[in-house]
Amino acid sequence: MTASDIKRIAYIRSIPVSRAGPYIPELARTVTDAGREARIFYTDGDCDAADFPGGTWEKLPEDATPDQIVDRVRAWGADGVVSLSFPDEAGLRDAVVKEKLARHGIPMVSNGLDPSRLLADKWETKKILADHGLDTPHGMLVDGTLLKNGAAEVPVYADIIRLKAEEIGYPLLTKAVWGSSGNGIRFIRDRAELEEYLATPDEGNHVLERCITGELCTVELVGADGEYAVQPLCFTGPTGGRPTFAFWELRSSAPRPADDAAFEPVAEKLKKLCTTLGITGVINLDIIYSGGTYYVLEINPRVSGATALGVAASGRNTYLGMTEILLGQWQAPAGPVLPRRRWSLEFPVHNVTDAFVEQAEQALDVVQITPTLVVDGREYGGLMIASCEYGDEARFLQVITDLDTTHQVLRPEMRTQLGELLTGSAAQSGPATRLTGPAAQAAVTEQAVTEQAATGQAAATAPAAATGRATV
């Protein structure tokens with residue numbers, strides 16, 4: 001099937017469409033403006049014309065099976081499908097959907113069964129990372145059933161874990177081999193807490209690994225067939241102690257020249273890993289940056305809650321990129337990592353009212369404001385993602401300070417952290433100094449093309465990949 005044969009594109013989404021900020025609406029407009037039909041099949045939240053302009057939408061049961069999804073997509077008459085789902089279990093479901101749709105000759109942009117299965121398994125992921133020369137925390141696989149003498153009586157197994165723990169070094173943490181969103185993580189500070197863990201082990205298999213003190217960060221790769229783009233790094237908070245809820249932290253994609261340069265060789269290794277596994281679509285990685293080293297914790301074979309944060313920084317819409325893959329129009333840009341175009345900031349907000357949302361959207365470049373975040377059925381406070389152009393940091397801080405004074409939406413420490421970030425050393429360096437090597441050259445080339453297109457000088461010649469918009 002060629003791109004010209006694809007007239008109807010179906011998108012599958014497993015969390016509220018609104019959580020993608022403006023990027024799914026941009027996707028819908030681009031697809032329908034090119035004369036194609038688009039429909040989003042979603043299982044959670046609501047959807048209307050503002051969420052999917054120009055297209056149509058259909059809600060599926062929250063527990064929709066792969067067969068049910070295949071039936072609905074085929075009944076609509078889709079010629080191609082793109083998965084926009086997460087967390088891991090939804091990504092795995094869509095891998096099955098992809099396999100079943102292939103039997104009907106319908107292409108789907110989603111990671112296949114084998115890479116999805118391997119990357120959803122945290123222990124298999126650690127082995128894959130080691131094979132590609134990537135750093136990952138030292139650890140071991142723990143069989144919880146064996147530890148409980150459920151499969152066989154092996155009393156010495158606990159001693160093996162004790163010895164291995166001494167070799168790895170404290171503090172430690174355990175996490176379920178399968179699962180996402182930080183569920184089931186146990187922090188083990190010392191030998192005494194290890195004994196508590198051994199006395200009350202969890203069911204199933206777990207990874208026991210060194211708990212590294214550093215900065216937690218996340219990054220997303222999109223592409224297919226050896227052509228991959230790496231979004232700018234997003235730093236998401238400190239790590240090294242007991243797990244906390246990630247969305248309570250200030251998360252940002254901020255200019256950090258030395259750290260960005262140190263990440264470039266890691267990005268190249270990740271592209272090779274994607275090529276080896278045959279990644280088609282997106283992967284998201286959780287990483288700890290410590291002592292100049294990037295330790296990869298896990299790879300999620302799907303989009304993530306940080307997708308909007310990365311897209312806001314680079315200006316390259318991941319969802320459009322996946323559509324380009326479907327249509328055979330994808331071309332990865334030059335450079336190890338996409339240039340960071342602006343600040344991208346995500347932070348918790350409270351007491352979210354319609355008045356606050358309206359005033360914030362009028363004064364700032366708001367990506368999205370979520371009044372109440374729901375994760376695994378539990379309600380948390382609100383969440384705001386906004387971008388800030390380089391050179392506009394002082395105005396951004398003044399506006400957010402004024403909004404907080406009026407609406408009391410920020411915790412005092414969050415207001416302080418925003419101020420320190422936007423007035424620190426990163427804010428003092430000019431945009432031209434924030435990229436080095438191949439990334440700098442790619443940024444210069446892309447900026448030239450974009451500026452020419454803006455004045456009408458390159459409208460007929462600028463490639464689609466130069467601005468990150470799909471020619472669909």
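Predicted model: local features only at pLDDT ≥ 70, side-chain atom pairs only at ≥ 80, totals over all residues.
Q: Which residues of helix 1 and helix 11 meet?
A: On the helix 1 side you'll find Tyr23, Ile24, Glu26, Leu27, Thr30 and Val31, and they meet Tyr319, Leu320 and Thr323 of helix 11. Sorted by class, that contact has six nonpolar, two polar and one charged residues.

Q: Now the rings. How is a pair of aromatic rings described?
A: You give the distance of the centres and the angle of the planes. The count here comes to six aromatic pairs. Take Tyr289 and Tyr294: their ring centres are 4.1 Å apart and their planes are at 20 degrees, so the pair is stacked. Tyr289 is buried at 11% relative accessibility, and Tyr294 is buried too, at 3%.

Q: And what about Trp343 and Tyr390?
A: That pair is edge-to-face, with 6.5 Å centre to centre and 70 degrees between the planes. Trp343 sits in strand 16 and Tyr390 in the loop between strand 20 and helix 13, so the pair links distant parts of the chain, 47 residues apart. Both Trp343 and Tyr390 are buried.

Q: Which residues form one aromatic cluster?
A: Phe235, Phe263, Tyr289 and Tyr294 do. Over the ring of Phe235 sits the charged end of Arg256, 3.7 Å from the ring centre.

Q: Is Arg251 buried or exposed?
A: Buried, with a relative accessible area of 7%. Arg251 lies in strand 13, and its side chain makes a polar contact with the side chain of Glu346 at 2.5 Å.

Definitions and conventions: Residues numbered from 1 in each chain as written. Heavy atoms only, no water. Contact = heavy atoms within 4.5 Å. Helix = DSSP H or I, 4+ residues; strand = E, 2+ residues; numbered from the N terminus. Nonpolar A, V, L, I, M, F, W, Y, C, P; charged D, E, K, R; others polar. Buried < 20%, exposed > 50% of the residue type's maximum accessible area, 1.4 Å probe, protein only. Polar contact = N/O pair within 3.5 Å; in protein donor to acceptor, adjacent residues only side chain to side chain. Phe/Tyr/Trp six-rings, centres within 6.5 Å; stacked < 30°, edge-to-face > 60°. Lys NZ or Arg CZ within 6 Å of the ring centre and 35° of its normal.
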